[in-house]
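Hi there,

Here is the model I promised to pass along.

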Amino acid sequence: MTEPVLDARIAVTNLARWLVWVRETGGSNRGEMVERMQQTVGLLPGTPWCAAFVAACGRGVLGRAWPLPMVGGCVSLRDYAEGRRVLTGLPEFGAVFLQWHESKNRHAHTGFGLQPIAGGWATVEGNTNDTGSREGDGVYLRHRTWGPKDRFIPWWRLWDTAPPQGLTLV
């Protein structure tokens, strides 16, 4: 892995971790910071925002070099990654995770994988809570264990070999 790719992964996850202060205010899936994230992908206030959190972190650090589409849904992220042949069953540092929910019969929650810990992974994710709900009240650091249908998007593999020329991490 090239140093610029690792730097990009570190920068994106650092921004995601910095946002753990964000909490919903004024109702479910509402609040100034939540709504700014929703706006980055064209979601209306009051709609689930875990994928918007991922997009806002990626675009916030990498600008137009963020290689994933600016979408507000887990299924859209999965379909894009699958079409580009980067969807995998193996977690990695900085990868976007897609968590399978049996009740929805689809991937219905997302965030970033940080590192393996105690039989699972440390993650940072939006629209969750202390108990790991997919409809929570903020950005949290979590401990997740992965199931057989969970998937991961190593988004940096969408770049040919390295970040685009002239990429400056802010």
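Glutamine 38 counts as buried because its relative accessibility is 0% (buried means under 20% relative accessible area, exposed over 50%, and partly exposed in between, with a 1.4 Å probe and protein chains only). This residue sits in helix H2, residues 32-40 (helices, H or I with at least four residues, and strands, E with at least two, are DSSP runs numbered from the N terminus). A polar atom of the glutamine 38 side chain lies 3.1 Å from the backbone oxygen of asparagine 29. Leaving aside residues up to four places away in sequence, glutamine 38 touches Asn29, Leu43, Leu44, Pro45, Gly46, Thr47, Trp49 and Ala52 (contact means heavy atoms within 4.5 Å).

Before you read on: this is a predicted model, where local features need pLDDT of at least 70 and side-chain atom pairs count only at pLDDT 80 or more, while totals for chains, interfaces and linings use all residues. Residues are numbered from 1 along each chain as its sequence is written, and side-chain values use heavy atoms, with hydrogens and water left out.

Now to the sheet. Five strands form an open sheet in the order E4-E3-E2-E1-E5, with antiparallel pairing (two strands pair if DSSP finds at least two bridges between them). Its edge strands are E4 (138-144) and E5, each of which pairs on one side only. From one strand to the next, the twist averages 35° (axes are lines fitted to C-alpha atoms, for helices over the stretch in contact, and angles run from 0 to 180 degrees between N-to-C directions).

Strand E1 (residues 96-101) is mostly covered, with six of its six residues buried. Val96, Leu98 and Trp100 are on one side, and Phe97, Gln99 and His101 are on the other. Antiparallel to E1 runs strand E2 (residues 106-117), joined to it by six bridges; here tryptophan 100 stands opposite histidine 107. The two strands make a hairpin with four residues between them, and asparagine 105 in the turn has a positive phi of about 55°. E1 also pairs with strand E5 (residues 151-153) in the antiparallel sense, over three bridges, and valine 96 has isoleucine 153 as its bridge partner there.

Further along, strand E3 (residues 120-128) pairs with E4 over six bridges, again antiparallel, and tryptophan 121 stands opposite arginine 144.

Best wishes

Conventions: A polar contact is a pair of N or O atoms within 3.5 Å; within protein, one must be able to donate a hydrogen and the other to accept it, and residues adjacent in sequence count only if both atoms are side-chain atoms.
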